[in-house]
Amino acid sequence: MVFDDGVADLSRSRTITAPPQTIWDVLADFGSLSAWVDDVDHSCILTRGPGGAAAGTTRRVQVGRNVLVERITEFDPAVALAYHVEGLPSRLRTVVNRWTLRPAGTSTEVTVTSTVDVGAGPVAGAAEWVVCRGMAKLSESMLTGLARRTEHTRG
């Protein structure tokens, strides 16, 4: 976890026994998050990006009573996917998740990095720490679900 002027970056990685394209196919099916992440109750595409592009596409994600909207900001096939998370408490200025894929022989190293901006000050720092702990747990859950989905579906 790296804290810098009210912004924290938290990364979690996992080596998954599947090629990058197999993993990318799951990540790029942006509306299907609930099919492979246990903590997500529902997910679906809300809007497509301009001209049908991936960048700008939004999805609705429901976790319990909480509803989030996630908007793709980076879409580099089989390399990186980033999205801005909206619908969190207003104290959280910005939350972004960025997935990166790196070939590792017959496997892929998958990293999800969460960037959280809650501003400066002692209260902000404490809030950032709490949010990052929650994001770390969610990242681990997403990586586990992604591994389960991709390692057992290859033919």
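Visitor: What should I know before I start?

Guide: This model is predicted: local features need pLDDT of at least 70 and side-chain atom pairs count only at pLDDT 80 or more, while totals for chains, interfaces and linings use all residues. Residues are numbered from 1 along each chain as its sequence is written, and side-chain values use heavy atoms, with hydrogens and water left out.

Visitor: How many helices and strands does the chain have?

Guide: Helices (H or I, at least four residues) and strands (E, at least two) are DSSP runs, numbered from the N terminus. Here there are 2 helices and 8 strands, in the order β-β-α-β-β-β-β-β-β-α along the sequence.

Visitor: What percentage of the residues count as buried?

Guide: Buried means under 20% relative accessible area, exposed means over 50%, and partly exposed lies in between (1.4 Å probe, protein chains only). In this chain of 155 residues, 38% count as buried. Ser139, for example, is found in helix α2, and it counts as buried because its relative accessibility is 1%. A contact means heavy atoms within 4.5 Å. Leaving aside residues up to four places away in sequence, Ser139 touches Arg12, Val112 and Ser114.

Visitor: How many aromatic pairs are there?

Guide: Rings of Phe, Tyr and Trp (its six-membered ring) pair if their centres lie within 6.5 Å; planes under 30 degrees apart are stacked, over 60 edge-to-face, and the rest tilted. That rule gives 3 aromatic pairs. One of them joins Trp24 and Phe75 edge-to-face, with 5.0 Å from centre to centre and 65 degrees between the planes. Trp24 belongs to helix α1 (residues 20-28) and Phe75 to strand β5, so this pair links distant parts of the chain, 51 residues apart.

Visitor: Which rings does the charged end of Arg59 sit over?

Guide: A charge sits over a ring if NZ of Lys or CZ of Arg is within 6 Å of the ring centre and within 35 degrees of the ring normal. Arg59 lies over the face of Phe30, 3.8 Å from the ring centre. The charged end of Arg59 also sits over the ring of Tyr83, 4.8 Å from its centre.

Visitor: Which residues line the largest cavity?

Guide: Rolling a probe the size of a water molecule over the atoms shows where empty space is left. On a 1 Å grid over the protein atoms alone, a cavity is a set of points where a 1.4 Å probe fits but cannot get out; a pocket is an open set with protein on both sides within 12 Å along at least five of seven lines; lining residues have an atom within 4 Å of a point. Points are joined across faces, edges and corners, and a volume is the space filled by probe spheres set on them. The largest cavity, of about 30 Å³, is lined by Leu27, Phe30, Leu33, Trp36, Arg59, Leu81, Tyr83 and Trp99.

Visitor: How much space lies in the largest pocket?

Guide: The largest pocket holds about 430 Å³. Among its 22 lining residues, Val63, Leu68, Leu88, Met135 and Leu138 are the closest to its centre. Helix α2 gives the most to this lining, with 6 residues.
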